[in-house]
Amino acid sequence: MRLPLLALLARGPAHGYELKQDLELLLGSAYPQPNVGQIYVTLGRLEKSGLIEGEDVEQSSRPNKKVYHLTDAGREALHAWFEETEDEPRVRDEFFMKLALAPQTGLAEQIALINKQRRQYLNTMRNLSKLAAAENRDNRIAHLLIEGAMLHLQADLDWLERCQEELEELE
Amino acid sequence: MLRAEGLVKTHYGEGAPAHAVRGVDLSVARGEFVAITGPSGAGKSTLLHLLGGLQRPDEGSIWLDGERTDSYSEARWAVERRKAIGIVFQFFNLVSNLSVADNVELPALLAGVPPKRARAEREALLAELGLTGKERSMPGELSGGEQQRVALARALVNHPPLLLADEPAGSLDSKGTREVMRLLSRFHGRGQTIVLVTHDARLASAADRVISFFDGRIADDAALDGTPSRKPGTSGVLELRD
């Protein structure tokens, strides 16, 4: 959450609740709603590390709100963020260990494990399809997020299929 | 609505015989949307062809609406496919020298529907599928996604109780795939029974039941209820990590 909040502040000063709304608008209903408490905690940490600064703004009949802006160090951190490439997604190693170790335990069957895992992925895929159908058609960013998740899941399903092909031959 | 028992089909070509379907029992209820997935070469298309009478099983039987089809002639199957079973294929199989309108109306006219009604049906379906204005186009002038929608209109023009779809998005891009998925879901929502063969899990997830097909056999048969599991599931997949 740290860098996305910094990135939102690159546009101009904002207070915590505005940032929450900006995130929701950008990412659509698909993205798990950011918790406003979490946003305030993150903003506090960013301020402590000197990446943003907050100013109290008086409000009549309501408690003061704190408006944050990016510092030079914050801008620098954002530059570094965009400069870096990200790590590759990892193979679901916990499932892989189950699959690899099942035969010698005599406690589970590999094909049964694969079938069970596939059912879960397919159900998740179905939920993603429903999310995509419910999401505003014009929100491209939100649709790309869902599509990315679906393609990852598709790859996981393809890999399960490969496992099943290989392991069924051995039976 | 559709039942199969002990289906076996072996292809004899060059080389070793290919055991495409090796003992399949299957039952599809009215209104169900069933997807059959599996790796290519697993025999899932052959299974669909058996269900539509495009190929005959070596062993086993198929019942359509409780009626056993063992003794059906080619001509009888052709009548079923005109009236009771709509089929869409990966490569659309439209008649290339007929216009879009004629492609859709032809099966209705062959089934003895009066021309006026065939035309009305065609107009309604093309409008529904977003193809108004394309009536006079030839199939070759359309994009893949549009051709598949024409094929869908043709398959549904006689209101068949059962729709069979063989890799309907197999030659479409991601956008075309989503379009097919949306349309199948919509027709299913109105009660259309659908059996879909696909290797695409995204497409399969539109169904409410997924059969995993491996090596000529059913490896798993799972109802997708879409109930969120206690694990992170959908939101976990979508969570952007810091």
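Predicted model: local features only at pLDDT ≥ 70, side-chain atom pairs only at ≥ 80, totals over all residues.
The strands concerned are E1 (residues 2-11) and E4 (residues 59-64) of chain B, which pair in the antiparallel sense over 5 bridges. Strands of a sheet pair through backbone hydrogen bonds, either parallel or antiparallel.

E1(B) also pairs with E2(B), again antiparallel, and here 8 bridges join the two strands. Within this pairing B:Leu7 has B:Val24 in E2(B) as its bridge partner. The two strands form a hairpin with 6 residues between them, and B:Gly15 in the turn has a positive phi of about 80°. Seen as a whole, the sheet is an open one of 4 strands in the order E2-E1-E4-E5 of chain B, with antiparallel pairing. Its edge strands are E2 (18-28) and E5 (67-68) of chain B, each of which pairs on one side only.

The loop between E1 and E2 of chain B also holds B:Pro17. Is B:Pro17 buried or exposed? With 9 C-beta neighbours inside 10 Å, B:Pro17 counts as exposed. Once its neighbours within four places in sequence are left aside, the residues in contact with B:Pro17 are B:Thr10, B:His11 and B:Tyr12. B:Asp200, by comparison, is 183 residues away from B:Pro17 in sequence, and the C-alpha atoms of these two residues are 27 Å apart in space.

B:Ile211 stands opposite B:Asp221 in E10(B). The hairpin has 2 residues between the strands, and B:Asp215 takes a positive phi near 55°.

Taken together, the secondary structure of chain B comes to 8 helices and 10 strands. The radius of gyration of chain B is 19 Å, close to the 18 Å that the globule rule gives for 242 residues, so chain B is as compact as a globular protein of that length. Its C-alpha trace spans about 55 × 55 × 35 Å along the principal axes, and buried residues make up 43% of the 242 residues in the chain. Among the contacts in chain B between residues at least 6 apart in sequence, 67% join residues at least 24 apart.

Chain A has 7 helices and 3 strands, and from the N terminus on its elements run α-β-α-α-β-β-α-α-α-α. With a radius of gyration of 22 Å, well over the 16 Å that the globule rule gives for 171 residues, chain A is more spread out than a compact globule. The C-alpha trace of chain A spans about 75 × 35 × 30 Å along its principal axes, while buried residues make up 23% of its 171 residues. Of the contacts in chain A with a separation of 6 or more, residues 24 or more positions apart account for 53%.

The 3 strands form an open sheet in the order E1-E3-E2 of chain A, with antiparallel pairing. Why is one side of E1 (14-15) and of E2 (52-59) of chain A left without a neighbour in the sheet? Both strands stand at the edges, each with a single partner strand, so one side of each has no neighbour there. E2(A) is joined by 7 bridges to E3 (residues 62-70) of chain A, the two running antiparallel, and A:Ile52 has A:Leu70 in E3(A) as its bridge partner. Helix H3 (residues 36-48) of chain A lies across E2 and E3 of chain A, and runs at about 120° to E2(A).

For residues 5-79 of chain A, an unreviewed UniProt entry records the feature "domain: Transcription regulator PadR N-terminal". This span is 51% helix and 25% strand, and its end C-alpha atoms lie 14 Å apart.

The two chains meet through 29 residues of chain A, which are in contact with 24 residues of chain B. On the chain A side, the elements that give two or more residues are helix H6 (110-134) and helix H7 (140-170), and the largest share, 14 residues, comes from H6(A). By class, this side of chain A has 13 nonpolar, 8 polar and 8 charged residues.

Notes:
Residues numbered from 1 in each chain as written. Chains lettered and ligands numbered in written order. Contact = placed C-beta atoms within 7 Å. Nonpolar A, V, L, I, M, F, W, Y, C, P; charged D, E, K, R; others polar. UniProt positions renumbered as here; feature names shortened; annotations may be inferred. Pairing = 2+ DSSP bridges. Axes fitted to C-alpha atoms, helices over the stretch in contact; angles between N-to-C directions. Rg over C-alpha atoms; globule rule 2.2 N^0.38 Å. Buried ≥ 20, exposed ≤ 12 C-beta atoms within 10 Å, placed from the backbone.
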